[in-house]
Amino acid sequence: LSSAGPRGAGAEAAARVGVDRRGAMALAVLSRSARAGGHKARWPQPTCWRAVGHCSTRWRSDVAASPDQRPQPSEAALQAELEAQRRLVERSSRAMSMQYCRDLGSSKLWRRLRGLSIDMNYDFRRWRKHQKASRNLALWTPGNIVIADNIRRLCFPDLPFIGVLASLICLNNRAAQGALDGVAQACDSAWHLGMLTLPLECFSVTTVALGLLVTFKTQSCYNRFDDARQLWGLAVNESRALASRILCRVPAYEGHHGYRVQRAKRHALKLIQTFPHTLKYHVTEDGCNPHIVIRAETTDAEIRAATSLSLQVELSQIWDMEDEREASIVRRILALEVGNRPMFVLHELSHINADIFANPTLGALHPVVSTEIDRSLALFHHTLGRCERILRTPIYTPYTKFTSRFLMCWCSALPFAMYPLLGPSATTPVTLLVSFFLMGIQDIGSRVEQPFDVLPLWQYCQTVDALVDQLLRQTEALAGDGLVDAHMDSVNDMADISTEKLYSWYDPL
């Protein structure tokens, strides 16, 4: 509205979205306010706000009523996205860990330096390789040093800054040393010759405080990482438990085995598979898609469009897009007005449980069984809420900033104490080595502080998909073997027993 044109532009725009005259008047008022303020927003009158609210409500209802009118991605874009996800699955199935970069750098070199490692799901082969006898020596081979993310992430700008500072201190002290022969004589007259040195006791006293700060922060960050992994483990466990419960309990023996119940049962299973996929996109910026490059100039709308396309491709592997009902569910999940997609999926499951499964004329589930389904959904809500808490609440930022300042000052001042002990030739290498280990510990803590960026969330989604498919195949196999029908026949035989015969079996003791 701030760039509105002529006076009738508001009404013309309102006609395009299908609002009434009241909404058009509100848009025109806002357009005049924008022009009068020099493209600067002004507060309209309350009547205008009511009109705008009425206009936006009508627009949202029109959008919700006709989702097919939105621009759909081309077939080539869908195929390219599917191929990118296939390459990700193929890479992660073979590797011990994968390099992943979510940094906003524009150059490939910067993104290469700032990439981090994501450990894949371990199996017996990976554990055997991880625990081999030569692992400690193998980490120091040139190939492993080059690909080590700890070294790459500290190569710029922290370690170069400390290295340049240490070199300048060595040059200054070397020039000020003059004709003195030994380091000991230079130390005795250091302040007289203008040399830059500090007593070693300054670092001995502060090392304990620095170690406590860095260790406490790293431990706090790892607790967040462990909490996130437990939450995703809970989501996986509860997904297969809920899927098994629905497959075995719905419909109940006295329930209706019609098409509506079977369709709701099938949709519930697919919603269970959909939940981890939507949660993955909810707690990460790119939905664990390395091919989505996010830069500083990338807008939120562009990010949402790219991630929505990726999510659409993933959901098309779960839902039958040829079926209009299932395609409609996918469109509703991907709608722009859905801000919390995991909660949308859980509400769909709650709706199916209440209207179909617990309905006495349809699923006819016992209230206890229906409550157990609600309990599983409550656990999903709990998982979603705790993941959102981890994502939105970092470790208290003044503590993090103070630790970073303390560590940077300590490492920058280290050459002043190392020069009298090591001389100009060894001061810079030793300072860089000590700084590398201390800053590496802090860097690891900073990475796991946002745990969803270092967890293979796409593999957890694949696990849920595979488990639900396995349960579905097993249920179909049991039905094909006649075990389910035999059990139903036994139940029907029990229904033919008279009440008097049942009382004769009753034991009064």
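A: In this predicted model, buried residues account for 40% of the 509 residues of the protein chain. The accessible surface of the chain comes to about 28700 Å², and carbon and sulfur atoms contribute 61% of that area. The chain has 21 helices and 2 strands. Among contacts with a separation of 6 or more, 75% are between residues 24 or more positions apart.

The part in question is the loop between α12 (201-249) and α13 (259-283), where Val250 is found. The relative accessible area of Val250 is 3%, and Val250 is therefore buried, the limit being under 20%. Beyond its neighbours within four places in sequence, Val250 is in contact with Arg245, Val261, Lys265, Phe357 and Leu365. The C-alpha atom of Val250 is also separated by 9.7 Å from that of Val369, a residue 119 positions away along the chain.

The peptide bond that joins Val250 to Pro251 is cis, with omega about -10°. Pro251 has its place in the loop between α12 and α13. Most peptide bonds are trans, and most residues other than glycine have a negative phi. A cis peptide bond also joins Phe156 and Pro157, with omega about 5°; Pro157 lies in the loop between α9 (149-154) and α10.

Positive phi values occur in two further loops. Ala364, in the loop between α16 (341-357) and α17 (367-392), has a phi of about 55° although it is not a glycine. With a relative accessible area of 8%, Ala364 is buried. Cys288, in the loop between α13 and α14 (300-316), has a positive phi near 60° and is likewise a residue other than glycine. Cys288 counts as buried at 1% relative accessibility.

Two packed helices are described by the angle between their axes and the distance between the axes. The axes of α10 (residues 158-177) and α18 (residues 397-449) come within 9 Å and cross at roughly 160°. Because an angle over 145 degrees counts as roughly antiparallel, α10 and α18 are roughly antiparallel to each other. The crossing of α10 past α18 is right-handed. The residues of this contact divide into 16 nonpolar, 9 polar and 2 charged.

Definitions and conventions
Residues are numbered from 1 along each chain as its sequence is written. This is a predicted model: local features need pLDDT of at least 70, side-chain atom pairs count only at pLDDT 80 or more; totals for chains, interfaces and linings use all residues. Side-chain values use heavy atoms; hydrogens and water are left out. Axes are lines fitted to C-alpha atoms, for helices over the stretch in contact, and angles run from 0 to 180 degrees between N-to-C directions. Helices (H or I, at least four residues) and strands (E, at least two) are DSSP runs, numbered from the N terminus. Angles under 35 degrees count as roughly parallel, over 145 as roughly antiparallel, 65 to 115 as roughly perpendicular and the rest as oblique. A crossing is left-handed if the near helix is turned anticlockwise from the far one by less than a right angle, and right-handed if clockwise. Ala, Val, Leu, Ile, Met, Phe, Trp, Tyr, Cys and Pro count as nonpolar, Asp, Glu, Lys and Arg as charged, and the others, Gly among them, as polar. Buried means under 20% relative accessible area, exposed over 50%, partly exposed in between (1.4 Å probe, protein chains only). Contact means heavy atoms within 4.5 Å. Accessible areas come from the Shrake-Rupley method with a 1.4 Å probe; for residues, only the protein chains shown count as cover.
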